[in-house]
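Here are my notes on this structure, for someone opening it for the first time. Please read them with the model on screen.

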There are 2 protein chains.
Amino acid sequence: MDAIQAVLTRRSIRKYTGEPVTDEQLETLLRAAMAAPSAANKQPWHFVVVREAGLREAFTEFHPHAGMLREAPIGILVCGDTELELGDGYWIQDCSAATENLLIAAHAIGLGAVWCGITPRAERVAQTKALFGLPDNVIPLGIIAVGHPAEEKGPGERYQAERVHQDRW
Amino acid sequence: MDAIQAVLTRRSIRKYTGEPVTDEQLETLLRAAMAAPSAANKQPWHFVVVREAGLREAFTEFHPHAGMLREAPIGILVCGDTELELGDGYWIQDCSAATENLLIAAHAIGLGAVWCGITPRAERVAQTKALFGLPDNVIPLGIIAVGHPAEEKGPGERYQAERVHQDRW
């Protein structure tokens, strides 16, 4: 798929067929994520690939907007490592760029995905860390549900000219 | 350009020819940015397109890593609006996704760009707000220098298999 088309037509996909995501597709997604820029090129990220149905179900029990994880064959937990980042929370920007790369790549190869936020909600962060056994220095940014789309959406039409300013506010 | 190729081969470009960025190219970049996902689809972003040489120069006087803005024909200041965001600083993730979209789009149409961080550095935030006259509720995430590339870089080769975990840490 063309890159501009992929960026402009990517949408949050929350319904999936039962078809599995292949290891090759998964590696494409993870390579895309890790190709992101990061502050001082620190690459302070980790990815937990969640396939176990029990783990996906347990996540939905404390996250109010993650019900689609029950049907998605894979969840990818995107985490930042405060011992690897440049400092002061730059990891949030770094891991957000990695997440966006992953979402674009999923759409480009015919998959559907949605980003479910964890940070900055302290309770969700604590419950996620407990569920997946994350060390103290590893903080979950969000989890991305990935599968083969069972819904179609047109482009988002989000452009707002009034959000563009010239030289000064 | 193919979407996966664009994501995998995008690099930070800090040297530019004197060729200007056209209005059409600029609109492609801004449309890409605003196509990003955001928490609860709040789209809490603003973009200040900086062309004035005096403003670009003034920015480099307080930002230690933005010297390339002197040569770049355009800087795009990406800002979050705390009155529009879902809350609690989600705008940082939203605006980081928008920034990454813009960087991918720039690369895909043959331009070169680099993301210079402002948030979370409090002094840089304050100086940027003063220079561009940003209201209290509008916070600069970073500035993206954009131009026609005068340097070539191969893919970043950032994939690290050890950063991928299966089901649990």
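1. Start with a helix pair in chain B. From H3(B), B:Leu55, B:Ala58, B:Phe59 and B:Phe62 meet B:Arg124, B:Gln127 and B:Leu131 of H5(B). By class, the residues of this contact of H3(B) with H5(B) are five nonpolar, one polar and one charged. Keep in mind throughout that this is a predicted model.

2. Now the geometry of that pair. Helix H3 of chain B covers residues 53–62, and helix H5 of chain B covers residues 122–132. Their axes are 10 Å apart and the packing angle is about 160°. An angle over 145 degrees counts as roughly antiparallel, and H3(B) and H5(B) are therefore roughly antiparallel to each other. Their crossing is right-handed.

3. Turn to the helix pair H3 and H5 in chain A. Helix H3 of chain A spans residues 53–62, and helix H5 of chain A spans residues 122–132. The two axes come within 10 Å and cross at roughly 160°. H3(A) and H5(A) are therefore roughly antiparallel to each other. The crossing of H3(A) and H5(A) is right-handed.

4. Which residues of H3(A) and H5(A) meet? On the H3(A) side they are A:Leu55, A:Ala58, A:Phe59 and A:Phe62. On the H5(A) side they are A:Arg124, A:Gln127 and A:Leu131. The contact of H3(A) with H5(A) divides into five nonpolar residues, one polar and one charged.

5. Next, a sheet with strands from both chains. It is open and has five strands, in the order E3(A)-E4(A)-E2(A)-E1(A)-E5(B). The pairing is mixed. At the edges stand strand E3 (112–117) of chain A and strand E5 (164–166) of chain B. Each has a single partner strand, so one side of each is left without a neighbour in the sheet. Neighbouring strands of this sheet are turned by 25° against each other on average, direction ignored.

6. Look at where chain B joins that sheet. Strand E1 of chain A, residues 45–50, runs parallel to E5(B), and three bridges join them. Opposite A:Phe47 stands B:Val164 in E5(B).

7. Another open sheet of five strands has the order E5(A)-E1(B)-E2(B)-E4(B)-E3(B). Its pairing is mixed. The edges are E5 of chain A and strand E3 (112–117) of chain B. Each of these has a single partner strand, so one side of each is left without a neighbour in the sheet. From one strand to the next, the twist averages 25°.

8. How many bridges pair E5(A) with strand E1 of chain B? There are three, and the pairing is in the parallel sense. Strand E1 of chain B is residues 45–50. Within E1(B), B:Val48 is the bridge partner of A:His165.

9. Now the interface as a whole. In chain A, 59 residues are in contact with 59 residues of chain B. Several elements give two or more residues to the side of chain A that touches chain B. They are helix H1 (3–9), helix H2 (23–34), E1, helix H4 (90–108), E3 and strand E5 (164–166) of chain A. H4(A) gives the most, with eleven residues. By class, this side of chain A has 34 nonpolar, 14 polar and eleven charged residues.

10. Check the backbone at a few loop positions. The peptide bond from A:Thr119 to A:Pro120 is cis, with omega near 10°. A:Pro120 lies in the loop between E3 and H5 of chain A. In chain B, the peptide bond from B:Thr119 to B:Pro120 is cis, with omega near 10°. B:Pro120 sits in the loop between E3 and H5 of chain B. A:Gln43 is not a glycine, yet it has a positive phi of about 50°. Find A:Gln43 in the loop between H2 and E1 of chain A.

11. Last, confidence. Chain A has a mean pLDDT of 98, and 100% of its residues reach 70 or more. For the complex, the predictor gives an ipTM of 0.98 and a pTM of 0.98.

Note on methods:
Residues are numbered from 1 along each chain as its sequence is written. Chains are lettered from A and ligands numbered from 1 in the order in which they are written. This is a predicted model: local features need pLDDT of at least 70, side-chain atom pairs count only at pLDDT 80 or more; totals for chains, interfaces and linings use all residues. Axes are lines fitted to C-alpha atoms, for helices over the stretch in contact, and angles run from 0 to 180 degrees between N-to-C directions. Helices (H or I, at least four residues) and strands (E, at least two) are DSSP runs, numbered from the N terminus. Angles under 35 degrees count as roughly parallel, over 145 as roughly antiparallel, 65 to 115 as roughly perpendicular and the rest as oblique. A crossing is left-handed if the near helix is turned anticlockwise from the far one by less than a right angle, and right-handed if clockwise. Two residues are in contact if their C-beta atoms, placed from the backbone, lie within 7 Å. Ala, Val, Leu, Ile, Met, Phe, Trp, Tyr, Cys and Pro count as nonpolar, Asp, Glu, Lys and Arg as charged, and the others, Gly among them, as polar. Two strands pair if DSSP finds at least two bridges between them. pLDDT is the predictor's confidence in each residue, from 0 to 100.
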